Amino acid sequence: MSGRSARRERPLEFREYHTPTNGIFFIARRRLLKARTPFQKIEVFETDSFGRVLVLDGLVQTTENDEFFYHEMLVHPALIAHPNPRRVLIIGGGDGGTLREVLRYPVEKAQLIEIDAAVVSAARKYFPSLSSSFLDPRAEVFIADGNTFIRQSDERFDVILVDSSDPVGPATVLHQKDFYGHLKDRLEPGGIIAAQSGSVFFQRSQLRKKAAFLGQLFRFARFYFGPVPAYPGGWWCYEFLSDRVDPVRPIRRQPPAGLKYYNLEIHRACFARPGIFDPFSERGRR
Ligand code: AG3
């Protein structure tokens, strides 16, 4: 066997480390994209078990086959709990998956603020099942820094969704108290914020920090949970924040048809506090 063909047969392996000694790996069929943007490194792999995988700075952001767990859970608890969501803001979410879920509701307008144009282009090209949401006339996609936008805008929204990446690199500020204070100022009365807050198993210290300041900012600050097989620990945490809406009060509206994971039983169950993994319980709140 020549050196050349041996090289070609070497499997294309991608690894994300969740700690220095463990993580997740994929043997990819091929790499469809590898680029460096002003903000981050962006890659798209084609895999057998997860379909196409979007990776930013070495961290798995979404995969074709499991994205519905994350996007449904980020969007539906807030959208269903709000009595009449008309104007929705998405910070991040440049792949379009969160926007797709929002547009299942009869909203008037959904604005998406993504910092990196390359993420939007990659999604358009490689993830049409997520990014076809960009074509909806109610969608407005802006390439801008969400943290700057939220400080400068005087618009108000019924629901704000933070579809950020991990608190390293460009998304660090999107996990801090100051940013949430500004988000709160952009809410209509009765408005709701939902955000992704990290791995239940691997990022507990980050969750504890967030629990401490979110509980000061909002009357109802509740974490909720759901599976995401390709993310660290496979079990993900989200925040539901509102001064008026209690997420666990009974929901009388039906979720949109065609969802793969979220339903009203999941809504009730996902706010259950699992003992030591409830970040609020550790500081004796509620
Ligand atoms: N945003 C959250 C991704 C977090 C994944 N973290 C990791 N693999 N370490 C995903 C954006 C999807 N719209």
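For sorting residues by class, Ala, Val, Leu, Ile, Met, Phe, Trp, Tyr, Cys and Pro count as nonpolar, Asp, Glu, Lys and Arg as charged, and the others, Gly among them, as polar. On that basis, the shell around the ligand holds six nonpolar, four polar and four charged residues. The model is a predicted one, so local features need pLDDT of at least 70 and side-chain atom pairs count only at pLDDT 80 or more, while totals for chains, interfaces and linings use all residues. Numbering runs from 1 along each chain as its sequence is written, and side-chain values use heavy atoms, with hydrogens and water left out.

Of the 14 residues around the ligand (one heavy atom within 4 Å), Glu 16, His 71, Asp 95, Asp 163 and Asp 166 come nearest. As for polar contacts (pairs of N or O atoms within 3.5 Å), a polar side-chain atom of Glu 16 sits 2.7 Å from a ligand nitrogen. An N or O atom in the side chain of Asp 163 also lies 2.7 Å from a nitrogen atom of the ligand. Taken alone, the ligand exposes 400 Å² (Shrake-Rupley, 1.4 Å probe), and the protein buries 98% of that.

Where does the shell come from? Strand 5 (59-63) and helix 2 (67-81) are the elements giving two or more residues, and strand 5 supplies the largest share, three residues. (Strands are DSSP E runs of at least two residues, helices H or I runs of at least four.)

Methods:
Polar contact = N/O pair within 3.5 Å; in protein donor to acceptor, adjacent residues only side chain to side chain.
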